[in-house]
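Please walk me through this model in the viewer, one selection at a time. I would like to know what to pick and what is found there.

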Amino acid sequence: MQEWLQELWDTLISVSLPLLVLGIACQTLQTLFVALAWRNILRAAYPPAGVTYRPILSYYAGGNALNAILPASAGTVAMLGFFRTTIAGATVSGLVGATAVENIFFAAMAALIYGYLFFTAAGSFDFTFSWVEDHKTLTIALVVGGAIIIVILLRRLWKKVKEQWENAKEGGAILREPRKFMTQVVGVEVLSYIARMGVNATFMKAFHIPVSIENVFLIVAASSISSTIAVAPGAVGAQTALATIVLQGVAPASAISAYAIGQQIITTAWNVTFGLILLAREIGWAKTRGLVHLHHKQDAEEADGAIAPDGEPPPDGSPPPAAAEPEKKHRWSRKHHAEPAPPEGEAPAPEA
């Protein structure tokens, strides 16, 4: 942690203060706009719940903060868990549908950028099918076998998928009103995308990387790909490597590395600070700290009702603390105490 803080400090003092403030402001605007799009989607999906902006912003910003600290997109899972437990009538499949709606614009932009990179990269269409030519029989067998397996799986899963789809449609309720979707979701996410490009342009300027529309889009693509393929939180290494590739020839490799690392460290530190403050304001510091520390994560989620619903046994099978709710008799608690009587001479165990 000390080395990371020292690296952060060295990076901060190397950037001019006005550009640093502008970059952080653009990063904050991006978070605010995406949270607003989330609020609009969830408000249309669950009208009786009266979804408001403040908790949605807190959970979204907190999820971003946790994603920067914990691996495997744990922050996104926690965010959806908060939505599930605080929005009346929300279901898991409905929130999955809402997630799909929220990602429509960003997926379209990613496809356009990837298509641009594909068509402009040298040798993109220089495909060779020599292995297929040399193994025609095996290729046909693989294709036919794969098709049969897919058909069998689809037939078995179709009923369940159909049921889940009916539930997921509630999360996409805003799609039934195209005008509202275009203004309250796409329009807001366009503003967030502009703010995201502003972040890249500002820090490119700060680290003396030539700023152009093409270079900014290349960095956006590199950031998107790195966040997709990265396993560890932060994705600094993946983003630095991809930035060096897409900006090759634009600036020296050392300058590109300094830019990629510097921007990632600064924006990640701000996301963590901003997100944890908002999350702590919403759910309390004790639960927020429990989410940050991996060995307390399970307890914090149970306290929020995100893991074990009321009346179900804890994952490890241990009995509840005696002082927690002595008057409440859970199903699993009765089962736990249905044990043989202790040997003669020993005092019976006290009831929870």
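This is a predicted model: local features need pLDDT of at least 70, side-chain atom pairs count only at pLDDT 80 or more; totals for chains, interfaces and linings use all residues.

**Stop one: α2 and α12**

Select residues 17–45, which form helix α2, and residues 253–283, which form helix α12. The two axes lie 10 Å apart, and the helices pack at an angle of about 55°. Because angles under 35 degrees count as roughly parallel and 65 to 115 as roughly perpendicular, α2 is oblique to α12. Their crossing is right-handed.

Now show side chains. On α2, pick Leu 20, Ile 24, Gln 27, Thr 28, Thr 31 and Leu 32. On α12, the residues they meet are Ile 266, Thr 267, Trp 270, Asn 271 and Phe 274. Colour this contact by class: 6 of its residues are nonpolar, 5 are polar and none is charged.

**Stop two: α4 and α5**

Next, select residues 74–86 for helix α4 and residues 92–102 for helix α5. At what angle do α4 and α5 pack? The angle is about 125°, with the axes 10 Å apart. This angle makes α4 oblique to α5. The crossing of α4 past α5 is right-handed.

For the side chains, α4 contributes Leu 80, Phe 83 and Arg 84 to the contact. Val 92, Leu 95 and Thr 99 are the residues of α5 that take part. Coloured by class, the contact between α4 and α5 shows 4 nonpolar residues, 1 polar and 1 charged.

Terms used
Residues are numbered from 1 along each chain as its sequence is written. Side-chain values use heavy atoms; hydrogens and water are left out. Axes are lines fitted to C-alpha atoms, for helices over the stretch in contact, and angles run from 0 to 180 degrees between N-to-C directions. Helices (H or I, at least four residues) and strands (E, at least two) are DSSP runs, numbered from the N terminus. Angles under 35 degrees count as roughly parallel, over 145 as roughly antiparallel, 65 to 115 as roughly perpendicular and the rest as oblique. A crossing is left-handed if the near helix is turned anticlockwise from the far one by less than a right angle, and right-handed if clockwise. Contact means heavy atoms within 4.5 Å. Ala, Val, Leu, Ile, Met, Phe, Trp, Tyr, Cys and Pro count as nonpolar, Asp, Glu, Lys and Arg as charged, and the others, Gly among them, as polar.
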